[in-house]
Amino acid sequence: MVIIAEHKRADPRTTAAGIRLFTSTVRRGSPDYLDPRLNCHSKLHEVIALIQALEAGCDEALMLDIHGFVSTCNSTNFFMVKNGAVWTSTGQYCMNGITRAKVLAICRDAGIPAAEKNFSLTDVYDADEAFVTGTFGGLTPVVQVDGRRIGDGSGNGAMTGRLRDLYLEEIEAAVAAAQDSR
């Protein structure tokens, strides 16, 4: 078997416009049959969730854990901002991605309150801002969840923008350090 990675860039228009999420009826699995923290070849749950989101006219699926708390999206990690604090799931029912970890580290280093905790859809609907993270797109704002506008609906929240800038600075510093070591 040969795997060839596809090379493409994230569309900057998506970052500017933000994305819309739909809460899937498909839950993130339990670790007793498929550990949701692992990036494995079985993506059936995520594919079904994405199909539901696309059928609902949205860009990606928001997925709950087996207890009904917000877990993750079908292909990215979900964050929300409330009263200046950044929230993400406990990490128990989602893949703990590199970009997710980097955002939490950036928050810690910048003195931004951040919590990995259980929270509900009601919390999400009342969020000041929301964004998703992934290796491909970095930080992408969420403008709508289940037809409900998040914040002012523009996706241009101050915290999301600040974190995106800090994340991009981290990337630039890492690239410069790598080039200097050659």
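Is I171 buried, partly exposed or exposed? I171 counts as partly exposed, at 36% relative accessibility. Here buried means under 20% relative accessible area, exposed means over 50%, and partly exposed lies in between (1.4 Å probe, protein chains only).

The model is predicted, so local features need pLDDT of at least 70 and side-chain atom pairs count only at pLDDT 80 or more, while totals for chains, interfaces and linings use all residues. Residues are numbered from 1 along each chain as its sequence is written, and side-chain values use heavy atoms, with hydrogens and water left out.

**View 1. A nonpolar surface patch includes I171.** I171 belongs to helix α5, residues 158-180. Helices (H or I, at least four residues) and strands (E, at least two) are DSSP runs, numbered from the N terminus. Together with L168 and V175, I171 makes a nonpolar surface patch of about 230 Å². Patches are made of residues with over 30% relative accessible area and no salt bridge; like charges are joined within 9 Å, and nonpolar side chains (Val, Leu, Ile, Met, Phe, Trp, Tyr) within 5 Å. Accessible areas come from the Shrake-Rupley method with a 1.4 Å probe, and for residues only the protein chains shown count as cover.

**View 2. D59 and R20 form a salt bridge.** Side chains of opposite charge can pair when their charged atoms come close. A salt bridge is a side-chain nitrogen of Lys or Arg within 4 Å of a carboxyl oxygen of Asp or Glu. By this rule the count comes to seven salt bridges. In the pair of D59 and R20, the distance from N to O is 3.7 Å. D59 lies in the loop between α2 (44-55) and β2 (60-64) and R20 in strand β1 (residues 19-23), so the pair ties together parts that are 39 residues apart in sequence. D59 is partly exposed, with a relative accessible area of 36%, and R20 is partly exposed at 32%.

**View 3. E46 and R28 form a salt bridge.** The closest N and O atoms of this pair are 2.2 Å apart. The pair links distant parts of the chain, with E46 in helix α2 and R28 in the loop between β1 and α2, 18 residues apart. E46 counts as buried at 11% relative accessibility, and R28 counts as buried at 7%.

**View 4. Helices α3 and α5 pack against each other.** Their axes are 10 Å apart and the packing angle is about 105°. That makes α3 roughly perpendicular to α5. Axes are lines fitted to C-alpha atoms, for helices over the stretch in contact, and angles run from 0 to 180 degrees between N-to-C directions. Angles under 35 degrees count as roughly parallel, over 145 as roughly antiparallel, 65 to 115 as roughly perpendicular and the rest as oblique. On the α3 side T99, K102, V103, I106, C107 and A110 take part, and they meet R162, L163, L166, Y167 and E170 in α5. Contact means heavy atoms within 4.5 Å. The side chains of E170 and K102 also meet in a salt bridge, 3.5 Å from N to O. E170 lies in helix α5 and K102 in helix α3 (residues 98-110), so this pair ties together parts that are 68 residues apart in sequence. E170 is partly exposed at 34%, and K102 is partly exposed at 33%.

**View 5. T88 lies in strand β5.** This strand covers residues 85-88. T88 counts as buried, at 1% relative accessibility. Leaving aside its neighbours within four places in sequence, T88 is in contact with F78, F79, R100, L104, A115, E116, K117 and F119.

**View 6. T133 lies in strand β7.** The strand spans residues 129-134, and T133 is buried with a relative accessible area of 2%. T133 and N77 are 56 residues apart in sequence and 5.2 Å apart in space, C-alpha to C-alpha. Apart from its neighbours within four places in sequence, T133 has contacts that include T76, N77, F79 and T99.

**View 7. N83 and D146 have positive phi values.** N83, a residue other than glycine, has phi near 50°. N83 is found in the loop between β4 (77-82) and β5, and counts as exposed at 67% relative accessibility. D146 is not a glycine either, and its phi is about 55°. D146 lies in the loop between β8 (138-145) and β9 (148-149), and is partly exposed with a relative accessible area of 22%.
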